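Here's a friendly walk through one structure, taken a piece at a time. Have a look at it first, then read on.

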Amino acid sequence: MSEKFAIISDIHSNLEALTTVLKDIEQRGIQRIYCLGDIVGYAANPKECLDLVIEKTENCVMGNHDYAVLFEPTNFNSGAEAATYWTRKVLEEEPDKEKAEKRWKYLGQQKMRWTMRTKLDGVDAQLDFVHASPRRPINEYIFPDDVYTTTGKIGALFDKVKHVCFVGHTHLPGVFLSEPDFYPPDELGWKYPIIPDEKAIINVGSVGQPRDRDSRTSYVFIESNVINFVRLEYDFKTTAAKIYAIPELDDFEGDRLADGR
Ligand SMILES: [Fe+2]
């Protein structure tokens, strides 16, 4: 069986970005989608995004914003915290009890990590899926600058990686290698081949709130043994207008979408 699948992350209730990505995935003939969490938080369509992720993805792990809506926001800034409480309220006030229960159950059942052992174009691969980091799967940030400023941290993280680990969380797409080094997708021609004996931590970027000064939505798909980074324009003005229309959501969460920050 030839492997072909997509990985999405950090949707953050952004319906316009999510539907743009799902359409692109469908047009490529990709059937399998995995999700790295943070389905909700920040934007205005938590219910719709949850329903689509439940319907379209095969496997998801828990992100810190999903955790926050279920339990409590920890170390959140005021905008993120406000979005958490608003999201919880929207999910709790759903009049359709069956739908409400399905969404809560889905969020509550998320794993912190999962692993897939597979063959990609003849390459034996172990793929780990977490939201944040292989060491602290829900909350640890791995920033590109860490390869220069905290090399010990990168070394410790790679001790936890058997082969390839997919992450989201920082909303900054790219490839970490154990040297340590970091490559943004454009420096790699938007492709990274999975090869034997080279460990990598792959950040797939964020569907709903890119933060690399590029407003385009981000995801990856894997075909044979190659990870392909994708960026797509989407209607962020509509997403921002919905955020501005909800008093509980900080206007900054709308403003930042235009700049990708
Ligand atoms: Fe996130």
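## Aromatic pairs

Searching the whole structure turns up 9 aromatic pairs. Rings of Phe, Tyr and Trp (its six-membered ring) count as a pair if their centres lie within 6.5 Å; planes under 30 degrees apart are stacked, over 60 edge-to-face, and the rest tilted. One of the pairs is Tyr 34 with Phe 129, which is edge-to-face, at 5.4 Å centre to centre and 65 degrees between the planes. This pair links distant parts of the chain, 95 residues apart: Tyr 34 sits in strand S2 (residues 32-35) and Phe 129 in strand S5. Strands here are DSSP runs (E, at least two residues), as helices are (H or I, at least four), numbered from the N terminus. Both Tyr 34 and Phe 129 are buried, where buried means under 20% relative accessible area, exposed over 50%, and partly exposed in between (1.4 Å probe, protein chains only).

Why does the pair of Tyr 141 and Phe 143 count as stacked? Their ring centres are 5.5 Å apart and their planes are at 5 degrees, so the pair is stacked. Tyr 141 is partly exposed at 33% relative accessible area, and Phe 143 is partly exposed too, at 36%. Elsewhere, Phe 5, Tyr 34, Trp 114, Phe 129 and Phe 166 form one aromatic cluster.

A quick word on the ground rules: this is a predicted model, where local features need pLDDT of at least 70, side-chain atom pairs count only at pLDDT 80 or more, and totals for chains, interfaces and linings use all residues. Residues are numbered from 1 along each chain as its sequence is written, and side-chain values use heavy atoms, leaving out hydrogens and water.

## Strand S5 and its neighbours

Strand S5 (residues 123-130) is mostly covered, with 7 of its 8 residues buried. On one hand, S5 pairs with strand S4 (residues 113-120) in the antiparallel sense over 8 bridges; strands pair if DSSP finds at least two bridges between them. Arg 113 stands opposite Val 130 in S5.

S5 also runs parallel to strand S6 (residues 164-167), joined by 3 bridges. Phe 129 has Phe 166 as its bridge partner in S6.

## The iron site

What coordinates the iron ion? Asp 10 (OD), His 12 (NE2), Asp 38 (OD) and His 171 (NE2) do, at 2.0 to 2.3 Å. Donors are N, O and S atoms within 2.8 Å of the metal (3.2 Å for Na, K and Ca); water is not among the atoms, so sites may look incomplete. Asp 10 and Asp 38 are both buried.
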